[in-house]
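I opened my notebook to look up a few things in this structure.

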Amino acid sequence: MAWLTLSGSVPAPSLGAQREFTYSIGSRGAVEEEMASFAHKIAAIYADPRGWSLGGSVAFRAVTHGGDFTVWLATPDAMPSFGEDCSPQWDCRSGRNVIINEARWEKGSPKWPGALDDYRTMIVNHETGHWLGLDHATCPARGAPAPIMMQQSRGVDPCLPNPWPTRAERETVSRQLKITAQPAAARRFVVRRPGASLGTRRGKMMERSEPRMLMRTNKGE
Ligand SMILES: [Zn+2]
């Protein structure tokens with residue numbers, strides 16, 4: 001077992017978070033991957049508003065030891081040491097451990113038709129979703145983004161590959177944590193509603209580029 005001491009360059013948790021989880025990073029087995037880059041990718045996934053940060057409502061803070069959970073990078077032969085549900089072939093979650101299989105991290109899955117970087121994001125979000133209490137999901141409709149809790153490593157069809165939690169999954173976790181999720185995308189527009197403020201600009205939308213489509217959509221306000 002090896003712990004990684006994180007440098008100070010990991011993204012800071014959102015200031016507006018309603019809930020904070022702490023996590024540590026570890027490795028098990030003769031891992032060849034550079035652990036600092038693994039830790040940075042994990043931090044980036046957890047800080048992304050599209051992920052389990054739920055738009056910044058949940059902060060994931062890296063700590064050097066322990067924490068609420070540990071994200072491991074483990075060699076295939078070390079996977080079963082985490083529990084009987086952990087096979088040398090796949091990633092897994094066991095108790096407070098989120099375990100990424102180095103073979104999947106390095107090679108992805110032949111059943112997942114997307115970029116390796118997105119695949120890495122997908123498996124981290126999937127196993128962390130288990131830690132957050134979610135079970136497996138199936139494809140809801142042909143052509144829909146695959147739920148993050150679908151076992152996408154084993155095949156995505158007839159859904160589309162998707163590395164982030166769906167809206168329904170975000171809402172489920174929000175309810176479980178009793179928090180309000182923020183939008184997945186950063187808020188770009190400030191809409192001033194009639195009577196809200198600043199007398200002369202009532203009802204006018206303020207935004208740098210003012211896209212026409214959005215202007216039309218909001219014209220009736
Ligand atoms: Zn799973």
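**Entry 1: Trp 112**

I first looked up where Trp 112 sits: its place is in the loop between α2 (102-107) and α3. I kept in mind that this is a predicted model. Is Trp 112 buried or exposed? I counted 21 other C-beta atoms within 10 Å of Trp 112. The cut-off for buried is 20 or more, so Trp 112 is buried.

Next I asked which residues Trp 112 touches, leaving aside its neighbours within four places in sequence. I found contacts with Tyr 119, Gln 152, Ser 153, Val 156 and Pro 161. I then checked one of these partners, Gln 152. Trp 112 and Gln 152 are 40 residues apart in sequence. In space, their C-alpha atoms are 6.6 Å apart.

**Entry 2: the whole chain**

I stepped back to the protein as a whole. I noted 5 helices and 8 strands. From the N terminus on, I read the order as β-β-α-β-β-β-β-α-α-α-β-β-α. Of the 221 residues, 34% count as buried.

I also looked up contacts between residues at least 6 apart in sequence. Of these, 60% join residues at least 24 apart.

**Entry 3: helix α1**

I turned to α1, which covers residues 35-47 and has 13 residues. From first C-alpha to last, α1 reaches 18 Å, close to the 18 Å expected at 1.5 Å a residue.

Which residues of α1 are buried? I listed Phe 38, Ala 39, Ile 42, Ala 43, Ile 45 and Tyr 46. They cover an arc of only 160° around the axis, so they lie on the same side of α1. I wrote a reminder beside this: an α-helix has 3.6 residues a turn, so residues three or four places apart point the same way.

What do the buried residues of α1 pack against? I found the strands β2 (19-28), β3 (58-62) and β4 (69-74), and the helix α3 (116-131).

**Entry 4: the nonpolar core**

I looked up the largest nonpolar core, which has 43 residues. Those with the most contacts inside it are Ile 42, Val 71, Trp 72, Ile 99 and Ile 100. The elements giving two or more residues to this core are β2, α1, β3, β4, β6 (97-101) and α3. Which element gives the most to this core? I found that α1 does, with 6 residues.

Last, I checked Ile 99, again leaving aside its neighbours within four places in sequence. Its contacts include Trp 72, Ala 74, Met 79, Phe 82 and Glu 127. Cys 86 and Cys 92 are also among them.

Notes. Residues are numbered from 1 along each chain as its sequence is written. This is a predicted model: local features need pLDDT of at least 70, side-chain atom pairs count only at pLDDT 80 or more; totals for chains, interfaces and linings use all residues. Helices (H or I, at least four residues) and strands (E, at least two) are DSSP runs, numbered from the N terminus. The expected span of a helix is 1.5 Å times one less than its number of residues. A residue is buried if 20 or more other C-beta atoms lie within 10 Å of its own, exposed if 12 or fewer, and partly exposed in between; C-beta atoms are placed from the backbone. The arc is that of the directions from the helix axis to the C-beta atoms. Two residues are in contact if their C-beta atoms, placed from the backbone, lie within 7 Å. A nonpolar core is a set of buried Ala, Val, Leu, Ile, Met, Phe, Trp, Tyr and Cys residues joined through C-beta atoms within 7 Å.
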